[in-house]
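Have a go at each task before you read its solution.

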Amino acid sequence: MFKIGIGPSSSHTLGPWRAAQRFTESLNKKNVLYEITAVKVLLYGSLAKTGIGHGTDMAVQLGLGGSDPVTFEVNNIQAKLNDIAAMKKILLAGLHEVDFDPREDIEFLFGEILPYHPNALTFLVSLKNGESIAETYYSVGGGFAR
């Protein structure tokens, strides 16, 4: 069975998309979503090395924005990404707008691999009170993230 995705590899697209969704859900459960002032995404190992070509950068933006890979209209992907890039803002979980420039706020750490798995990504947010939250996820294959 094939899984729905935007690129040639579910490990590089569907997994990171789901990880981004889970991250915003985690922030919402912690009641800090509306306190966020900035967000960064760090891509490690294989996700960094093949990220642009395989669509990892696109997937995390769509996931952070609250879009679901099963229901999001494929024909709207590029328009959505163009809007984020042009406005330099993202609507986290579809609820809270923050400054976000994909060229600066998604970092491809080509030389770094985290110990658990080569497909790793970390989400970092800054809060109004000066605190930060970071969560790391691993895209372990088949579109699954841990």
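**Getting started**

Of the 146 residues in the chain, 48% are buried (under 20% relative accessible area with a 1.4 Å probe, protein chains only; exposed is over 50%, and partly exposed lies in between). The model is a predicted one, in which local features need pLDDT of at least 70 and side-chain atom pairs count only at pLDDT 80 or more, while totals for chains, interfaces and linings use all residues. Residues are numbered from 1 along each chain as its sequence is written, and side-chain values use heavy atoms, leaving out hydrogens and water.

**Exercise 1. Find how many helices and strands the chain has, and their order.**

Step 1: Counting gives five helices and seven strands.
Step 2: Reading from the N terminus, the order is α-β-α-α-α-β-β-α-β-β-β-β.

**Exercise 2. Describe how helix α1 packs with helix α3.**

Step 1: Helix α1 covers residues 14-29 and helix α3 covers residues 56-64; their axes are 7 Å apart, at an angle of about 30°. Axes are lines fitted to C-alpha atoms, for helices over the stretch in contact, and angles run from 0 to 180 degrees between N-to-C directions.
Step 2: This angle makes α1 roughly parallel to α3, because angles under 35 degrees count as roughly parallel (over 145 as roughly antiparallel, 65 to 115 as roughly perpendicular, the rest as oblique).
Step 3: Look for the contact (heavy atoms within 4.5 Å): among its residues are Pro16, Trp17 and Phe23 of α1 and Val60, Leu62 and Leu64 of α3.

**Exercise 3. Classify the ring pair of Phe123 and Tyr137.**

Step 1: Recall that a pair of aromatic rings is described by the distance of the centres and the angle of the planes.
Step 2: Rings of Phe, Tyr and Trp (its six-membered ring) pair if their centres lie within 6.5 Å; planes under 30 degrees apart count as stacked, over 60 as edge-to-face and the rest as tilted.
Step 3: The centres of Phe123 and Tyr137 are 5.8 Å apart and the planes stand at 70°, so the pair is edge-to-face.
Step 4: Now locate the partners: Phe123 lies in strand β5 (residues 120-127) and Tyr137 in strand β6 (residues 132-141), 14 residues apart.
Step 5: Phe123 is buried at 0% relative accessibility, and Tyr137 is buried at 6%.
Step 6: Ring pairs also join Phe23 to the cluster with Phe123 and Tyr137.

Terms used:
Helix = DSSP H or I, 4+ residues; strand = E, 2+ residues; numbered from the N terminus.
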